[in-house]
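My notes follow the structure, point by point.

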Amino acid sequence: MGKLNSRIPAGPLATKWTSYKASMKLVNPANKKKIEIIVIGTGLSGASAASTLGELGYSVKSFCYQDSPRRAHSVAAQGGINAAKNYQNDGDSVYRLFYDMIKGGDYRAREANVYRAAEVSNQVIDHFTALGVPFARDYGGTLDTRSFGGVQVSRTFYAKGQTGQQCLLGCYSSLNRQIKKGNVKMFPRREMLDLVVIDGKARGIITRNLLTGEIERHGAHVVVLATGGYGTIYFLSTLAVNSNASAAWKAHKKGALFANPSFVQIHPTSVPQLNEFQSKLTLMSESLRNDGRIWVPKIKGDKRTANEIPEEDRDYYLERRYPAFGNLVPRDVASRAAKERCDAGYGVGETGLAVNLDFRDAINKQGKKSIESKYGNLFDMYKTITGIDPYEEPMRIYPAGHYTMGGLWVDYELMTTIPGLYAIGESNFSDHGANRLGASSLMQTAGDGYFILPNTICNYLTDEIRVPKISTDCHEFEEAEEAAVDRIKKLMAIKGKQSASSFHKRLGKIMWDHVGMTRNEEGLKLALSLVRELQDEFWKDLNIPGQADDLNMELEKAGRVADFFELAELLITDALARKESCGAHFREEYQTPDGEALRNDEEFAYVAAWEYVGEGKPHILHKEELKFEEVEMKVRSYK
Ligand SMILES: Cc1cc2nc3c(=O)[nH]c(=O)nc-3n(C[C@H](O)[C@H](O)[C@H](O)COP(=O)(O)OP(=O)(O)OC[C@H]3O[C@@H](n4cnc5c(N)ncnc54)[C@H](O)[C@@H]3O)c2cc1C
C-alpha cells in the first residue's frame, strides 16, 4: 500500500469535488506563462487539456504521431457521449450515472473519481455545444439522446454515428485557436520514446521526428500523457491500427505504476473478421442495439439465409436471458453471450463466428428514413465492407478487442506515481472499473482534459513557480536519449527475416485465444510461455528494412511491438493473479451456475497497481483497497 496515496478529499461524496475546487491552490496568472507543460496526445483528452491549459496562460507543447492532431484515434468514436442532463425526464441524475458506472464496472472503480466524472459530464455537453458540435436535436430543438448498454435511461448525446469526429473537431478548433495565439506549440509526427525523470520528477521527454528520424529532447515542468489505450495488443481490434501502449509503458518503466492491465473490453458488435489478411476490425456502434435485435437460429447449423428463418426458429438470446435489459445489456455480458452461442454451434455465416443484428422490426415500425437518419453512415460502412445491405438483411457481428480499462495508476488529481507526470483519458486506469459502459469514454476523456486536470494540476504547479525553465542539457536527458538511440540500433541490427506486423499478428492471436473474452489458469500459463517464446524469436529474427534516420514506419511498428511483448506479460500476470471474475475479466473457474461472473469481494476489491523493478525481474503488486461508502457491493444483475 505504501506507494499508493489516492488523495481522495474528505467529506461526503457529492461535495468532494466542489470542496476540492474551493480550497485548491491557484497559480497566479503572471506565473503561468513561465510554466511549461508537455501534453502528449491530441485525442479528446489531450486536445482538450492542451487547449484549456493554453487558454489559462501556460506555455504548452503538444505532441502526436499523426500528421494532424485531428487524426487522433478519438475521431473514430461513433455512438455518443453520456451526460446526466435528464432532458428526457426519465429519472436520470448525476447519482444515477455514477451508480450505473460503478455497477457497470462491477465494483472495481474508485467511487470518488466516478462521481466526479458523472458530475462534470453536464459541463462537457454544454462546452461541446458552445463549441458548435452538431449534436442531434429533437423536434423541439433540445439536444436529443439515445440509450446505451447497462442503463435504463436515455442519456447518450450523439452526432449520427460520428460523435467522436464531431467532438474532436470541436477540441481541435479550440486547440488551433491556442496555437494561433502562441500559447500552444504543436509538434505533429513526433513519437515519444522515453520520459525524462530528474530528481524523481517528470521533467521532459525524448521524441523521434517520424519524418526525419531525428531524436529530440523536450523539457517541461510537468508532463501529461493523453496517449490512449492499448487494445491493439490483440492485433485485430476496433482501434486505429497505430494506437499503441509505448508512451505509457515507457513511463511505467520509469516508475509509474500500471493498474489493472488485464481489464480489457471486448466489444460485442464488430464486423467479423473476413479473411486472414485483415489488419483491423470495424466497429458497428453500440447505439445500433437501441433498434437492432440480436439473434441466432434455434436450430444448430441452420443453413437458411437469415430472411428465410421464420420468427419461431429465431433465438433472441439476450432478450431471453436478460429480460430487464434485453439487447442493451453491458458489453461484457453481450460479448460472452455471443461467444457462448457461437461456441455451442449456433453461430451464423461461413465461419459460424457471428450472430445477427437485425433491424427488420425497427424498419417496419419506424420506417427506413428514421433508421437512416440515426445510423445511416454505419449502415453505409457495413455495406461497403461486406457487400450486404443491412436495410435488407441483418448485419453479422462478432466481439472484438476494443477498449482498455487498465492503464497508468493515477490519484484523484490524475497524477501517476511519478511526481509531475499525469495521465488522462484512456491512458489512465480510469473510472470504468472492470468494464466500461458505452459512451462513457468520450465523457471521461473530455471531462479529464477540459475540467479536471486544469484544476488539479495547480496543486503541483504552485510549488514549481520558482523552478526555472527546464534545461535539456543535463545527464538525465543525455542518458534517456542514449537509451532511446541504443534501442533503435538494437532493433535495426537484428536483420532477420520477419516483419514487425507478422510478430504482432502472432502475439495478438495468443492474446485473443487465451487472454480474451474468457480466461483460465491453464490457458494463461500457456499464453505466458508462448509470449516469451515469441518475444525471443522477435529479438532474433525481426527484419526492419530502410534506415533509422529517415521516415521508417517499420521501425515505428517494431518499437511498439517490442513494448507490447512486455505489456502482454504483465497483462497475463495480472489476469492470473486476479482469481475472480469481474466485468470483462472472466475467469472460467469463477462463475455462477448460470454462467455469470462470480466476484470475490473479500479478497479482490482492490485496484492492482504493478511496479516495474528492472529487466527480467517480476513486477511487484501494490493494492489500492476500494472502499464503497455510497453504494453497496451487490451481484451485478441485468436480468
Ligand atoms: C471504433 C471505436 C468507436 C468508439 N466509440 C465511442 C463512443 O461512441 N463513445 C465513447 O464514449 N467512446 C467510444 N470509443 C472509445 C473512445 O473513442 C476512446 O476511448 C477515446 O477516444 C480515447 O481518447 P484519448 O484522448 O484517451 O486517446 P486517443 O484518441 O487514442 O489519442 C491518443 C493520442 O496520443 C498520441 N500518442 C500515443 N502515443 C504516442 C507517443 N508515443 N508519442 C506521441 N504521441 C502519442 C496519438 O498521436 C493520439 O494523438 C470508441 C472506440 C473505438 C475504437
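1. What covers the buried residues of α11? The model is predicted. The cover includes α10 (360-366) and β15 (395-404). The buried residues of α11 are Ile371, Lys374, Tyr375, Gly376, Asn377, Leu378, Phe379 and Tyr382.

2. Check the geometry of α11. The helix runs over residues 368-386, and its end C-alpha atoms span only 20 Å. A straight helix of 19 residues would span 27 Å at 1.5 Å a residue. There is a bend of about 85° at Tyr375, and Tyr375 is among the buried residues of α11. After α11 comes Gly387, with a positive phi near 80°.

3. Now take α6, residues 163-181. Its 19 residues should span 27 Å at 1.5 Å a residue, and the end C-alpha atoms are 28 Å apart, which agrees.

4. Buried residues of α6 include Cys167, Leu168, Cys171, Ser174 and Leu175. Among the elements that cover the buried residues of α6 are α3, α5 (111-131), β5 (184-187) and α12 (440-461).

5. Thr42 sits in the loop between β1 (36-40) and α3 (44-56). Is Thr42 buried or exposed? Its relative accessibility is 2%, so Thr42 counts as buried. A polar atom of its side chain lies 3.1 Å from the backbone oxygen of Pro69.

6. Thr42 also ties back to point 4. Beyond its neighbours within four places in sequence, its contacts include Leu168 and Leu175, both listed as buried in α6. Other contacts of Thr42 include Phe63, Cys64, Ala72 and Met186.

Key: Residues are numbered from 1 along each chain as its sequence is written. This is a predicted model: local features need pLDDT of at least 70, side-chain atom pairs count only at pLDDT 80 or more; totals for chains, interfaces and linings use all residues. Side-chain values use heavy atoms; hydrogens and water are left out. Helices (H or I, at least four residues) and strands (E, at least two) are DSSP runs, numbered from the N terminus. Buried means under 20% relative accessible area, exposed over 50%, partly exposed in between (1.4 Å probe, protein chains only). A polar contact is a pair of N or O atoms within 3.5 Å; within protein, one must be able to donate a hydrogen and the other to accept it, and residues adjacent in sequence count only if both atoms are side-chain atoms. Contact means heavy atoms within 4.5 Å. The expected span of a helix is 1.5 Å times one less than its number of residues. The bend at a residue is the angle between axes fitted to the seven residues ending there and the seven starting there.
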